[in-house]
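Welcome! Let us take a walk through this protein together, one feature at a time.

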Amino acid sequence: MKNIQRSLVLGASIVALAGCGADEIVSPGTSGDIIINNPAPAPTPTPSPTPTQSPVTPAAGCPTILTTGGLTDTGTISGPTGEYRVCRLPAVFTADDTLPAIDGLVYEIFDEVSVGVDEGFDGGAGDIGEGVSLTIEEGAILYGTAASFLVVPRGNQIFSDGTETNPIIWTSRDNILGLNDDNSQAQWGGVVLLGRGRVSDCFDQVFNTTTAFTNDCQMELEGNANTILFGGEFDDDSSGSFTYNQIRYSGFELLQGSELQSLTTGGVGSGTTISHIFSFNSSDDGLEFFGGAFNANNIAVIGASDDSLDVDSGARVNVETVVVAQRSGTGDSIIELDSPGNEVPTPGNALPQSNFQVNNATFLQRSSASSQAVRGRGGAFLSLTNTVIDVDSAGDVCLRLDEDDNVTNTTVDSTVCDGDTRPFRGPANDADVEALVTSGTNNDFRFTLSLTGVVNGANENGVTPFDATARSSFFSNSTFVGAVESDLTTDFGDWTCNSSILDFGSANGACTSLPVN
């Protein structure tokens, strides 16, 4: 079973208004003289000082919460943007609580922080609220160090909802101290959402005579001292709402070969809202989905050191409006899709099988460590519609399918890629994958791109889009391919941050700094 891991720039425009008195001209009517009367020049005004952002000052103390023991005031932390009060989260939230956004205050995730405790395999719509819920207000900043991470076990919920201009930021201590650059990573764990949706890699490895797995599968969150399980029978389960969140510099290795990533979901159900998620420089995968069934939109994964989007263990996920940009020199596939785990004897026997559908995406494959942008294996279902793939070099593969079932279970429409010498790679021969792509509508994997960053040029906007509502009612009937037709700020603006990897033009500034409101 695979391990689960993995400035404000204030533009100061000074307009100097200099008074300019008009010359006095006397008519030559009587004396014939023209007299120019120039007044004494006005003194040069003292220039106004360039406005600067006042540094953050620490909040007076930590807010009161309901959980026994509350928050722990551990003093202050200082960085380029100012000084902050540090309020350490409890190890376990035992009551419905709210973390308010307070100027000059940051929340510390110390070791493992759990929102409630695992409420078990059984549950349903009537039992969703048996655990606790944690609400995080827009603009809040949380940070971790080393192996720290936050987990929401089954039966509990998180409501971490930022806004378009005031996102919630999950980051590292070094980010606050101002020590990071655009290659920093692996400085804390990440965020884990667990639910009771169906999964296909069983913790107890139970097989029966007709399918690889039974319907009562559970999986284990590995790399942790305590056994934390996820999965169940309810694909409509709700883990809450997670919108307008930035997750930076995550992916700390908990155990050898066992890492978390920016956001890990396990058995998360369709009752969960996931949108406007920004992953920056995860040392493992950007986002990883294990089992469950949900929809997500407006996703940006920047600089992940393994796969940008990793889907496995029976996850059935639809994503729309997605930007991925790799760093050069690190990273594996943009998409790694698998079903089921390595212990299943025959691909395609998982119950359920993974099914990943992507609509309106732009992928920038830049890693010299990998030569394939999208990879499917294990018989998983894959759908790409209205997608633009920019590979790094002529020999890089746009689409690799490892098994015959993957070829059968993949659909591609209105998708373009600038592959050249080997845009396809198949299980037996490349021609099988090429035939699959050719049989779709409006595909071209030897396409001449005209992108500016991730923004479409004339060539991309000349591709006829596919009506993706035929794939899922969650998808829109887009009028263009790719994630960004013309304006990057329309879908990816101030809830993101800027870097040398990809500049979104966010008013919230660089990922190496913190926004100051």
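The paragraphs below visit a strand, some charged pairs, a pocket and a group of rings. Keep in mind that this is a predicted model.

Strand β14 (residues 191-194) pairs with β20 in the parallel sense, over 4 bridges. Strand β22 (residues 287-290) also pairs with β20 in the parallel sense, again over 4 bridges. You can follow both pairings from Thr 264: Val 192 stands opposite Thr 264, and Thr 264 stands opposite Glu 288 in β22.

Next come the charged residues. Side chains of opposite charge can pair when their charged atoms come close. How many salt bridges does the structure hold? There are 13. One of them joins the side chains of Glu 108 and Arg 88, at 3.0 Å from N to O. This pair links distant parts of the chain, with Glu 108 in strand β7 (residues 105-109) and Arg 88 in strand β4 (residues 82-88), 20 residues apart. Glu 108 has a relative accessibility of 7%, so it counts as buried, whereas Arg 88, at 25%, counts as partly exposed.

A further salt bridge is found between the side chains of Arg 154 and Asp 118, at 2.8 Å from N to O. Arg 154 lies in the loop between β11 (149-152) and β12 (157-161), and Asp 118 lies in the loop between β8 (112-115) and β9 (133-136), so the pair ties together parts that are 36 residues apart in sequence. Arg 154 is buried, with 1% relative accessibility, and Asp 118 is partly exposed, with a relative accessible area of 31%.

Arg 377 and Glu 336 form a salt bridge too, and their closest N and O atoms are 3.4 Å apart. Arg 377 sits in the loop between β28 (372-376) and β29 (381-390), and Glu 336 in strand β26 (residues 335-337), so this pair links distant parts of the chain, 41 residues apart. Arg 377 counts as partly exposed at 21% relative accessibility, and Glu 336 counts as buried at 7%. Elsewhere, salt bridges link Arg 198, Asp 235 and Arg 316 in a network.

The largest pocket holds about 320 Å³. It is lined by 21 residues, and the closest to its centre are Ile 102, Asp 103, Gly 104, Pro 515 and Asn 517. The lining of this pocket is made up of 12 nonpolar, 7 polar and 2 charged residues.

The last stop is the aromatic rings, where the whole structure has 10 aromatic pairs. How are the rings of Phe 278 and Phe 504 arranged? Their centres are 5.8 Å apart and their planes meet at 75°, so the pair is edge-to-face. Phe 278 in strand β21 (residues 273-280) and Phe 504 in the segment after α5 (488-491) are 226 residues apart, and both are buried. These two also belong to a cluster in which ring pairs link Tyr 244, Tyr 249, Phe 278, Phe 280, Phe 492, Trp 495 and Phe 504.

Conventions:
Residues numbered from 1 in each chain as written. Predicted model: local features only at pLDDT ≥ 70, side-chain atom pairs only at ≥ 80, totals over all residues. Heavy atoms only, no water. Pairing = 2+ DSSP bridges. Helix = DSSP H or I, 4+ residues; strand = E, 2+ residues; numbered from the N terminus. Salt bridge = Lys/Arg side-chain N within 4 Å of Asp/Glu carboxyl O. Buried < 20%, exposed > 50% of the residue type's maximum accessible area, 1.4 Å probe, protein only. 1 Å grid on protein atoms, 1.4 Å probe; cavity = no way out; pocket = protein on both sides within 12 Å on 5 of 7 lines; lining within 4 Å. Points joined across faces, edges and corners; volume = space filled by probe spheres on them. Nonpolar A, V, L, I, M, F, W, Y, C, P; charged D, E, K, R; others polar. Phe/Tyr/Trp six-rings, centres within 6.5 Å; stacked < 30°, edge-to-face > 60°.
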